[in-house]
Amino acid sequence: MIDQLTLTWGIAFLCLIFVAKFLISLISYASGVPGGIFFPLLVLGASLGSIFATAVIPLLHLSPHLFPNFIILAMAATFTAIVRAPMTGILLLVEMTGSFDHLLPLAFVSLISYIVAELLHSKPIYDSLLHNLLTADSEIATEKEGHIMIEALVQFDSEADHQPVQNLHLPKDSLLISIQRNGEKIIPRGDTLLHAGDIATFLTTQAQEVSVRQKIKHLFTD
């Protein structure tokens, strides 16, 4: 890919590639499709390096042979700034190029990129992802706090025996979430019949636990 990039490419076209890749990566990751962010970061860095080289080389009358060098250094700088792992970026680019010729420039660029990212208080990408994951788990846990599940056995000839769920006066502060019958779980509907031996599971709040248990006992026992 690096060899195919030449100075004849216009800056506008390179900017279009950068924006398109950025949007595609954003949509892909937001949709939950497991595509990863490792390779897209390198592609974005290569695009930035191409844009910079296209503008700087003619302006400073540099050799066109330096074009790949700008791409390699930009990839390392972008990776270091976003991931905050300079050694990983350096070793990765050395392995990709198969040469140690860029080792010192890669180290210098990665160091500058790391310092600039820290001064701008930019969070590392994986730290941000971990924070979002923990925040989501915390919100789920908060929603579940204060709720308990109650299991009740439907006894023979009780008020609930051979009755559809919709005809039962279930406690208002509870929700019938499942029925276990002969080792199988059934998702209850309004027309689902209850039979003796069924185990019904209710979801309710801790504050209403006592009253819900009393009402369920009245319905499910003879």
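Which helices each supply at least two residues of the lining of the largest pocket? Here are a few notes that lead to the answer and beyond, bearing in mind that this is a predicted model.

1. First, the overall layout. The protein has seven helices and six strands.

2. Now to the opening question. The helices are α1 (11-30), α2 (38-60), α3 (67-83), α5 (103-119) and α6 (125-144), each giving at least two residues to the lining of the largest pocket. Of these, α1 is worth a look in your viewer: the largest share of that lining, eight residues, belongs to α1.

3. On the pocket itself, the volume of the largest pocket comes to about 670 Å³. Its lining counts 27 residues, and those nearest the centre are Phe22, Pro40, Leu41, Leu44 and Ile82. Those five make a handy selection if you want to centre your view there.

4. What is the lining like by class? In the largest pocket it consists of 19 nonpolar, seven polar and one charged residues.

5. Turning to the protein as a whole, 32% of its 222 residues are buried.

6. Lastly, a word on contacts. Taking those in the protein with a separation of 6 or more, 71% are between residues 24 or more positions apart.

Conventions. Residues are numbered from 1 along each chain as its sequence is written. This is a predicted model: local features need pLDDT of at least 70, side-chain atom pairs count only at pLDDT 80 or more; totals for chains, interfaces and linings use all residues. Side-chain values use heavy atoms; hydrogens and water are left out. On a 1 Å grid over the protein atoms alone, a cavity is a set of points where a 1.4 Å probe fits but cannot get out, and a pocket is an open set with protein on both sides within 12 Å along at least five of seven lines; lining residues have an atom within 4 Å of a point. Grid points are joined across faces, edges and corners, and a volume is the space filled by probe spheres set on the points. Helices (H or I, at least four residues) and strands (E, at least two) are DSSP runs, numbered from the N terminus. Ala, Val, Leu, Ile, Met, Phe, Trp, Tyr, Cys and Pro count as nonpolar, Asp, Glu, Lys and Arg as charged, and the others, Gly among them, as polar. Buried means under 20% relative accessible area, exposed over 50%, partly exposed in between (1.4 Å probe, protein chains only). Contact means heavy atoms within 4.5 Å.
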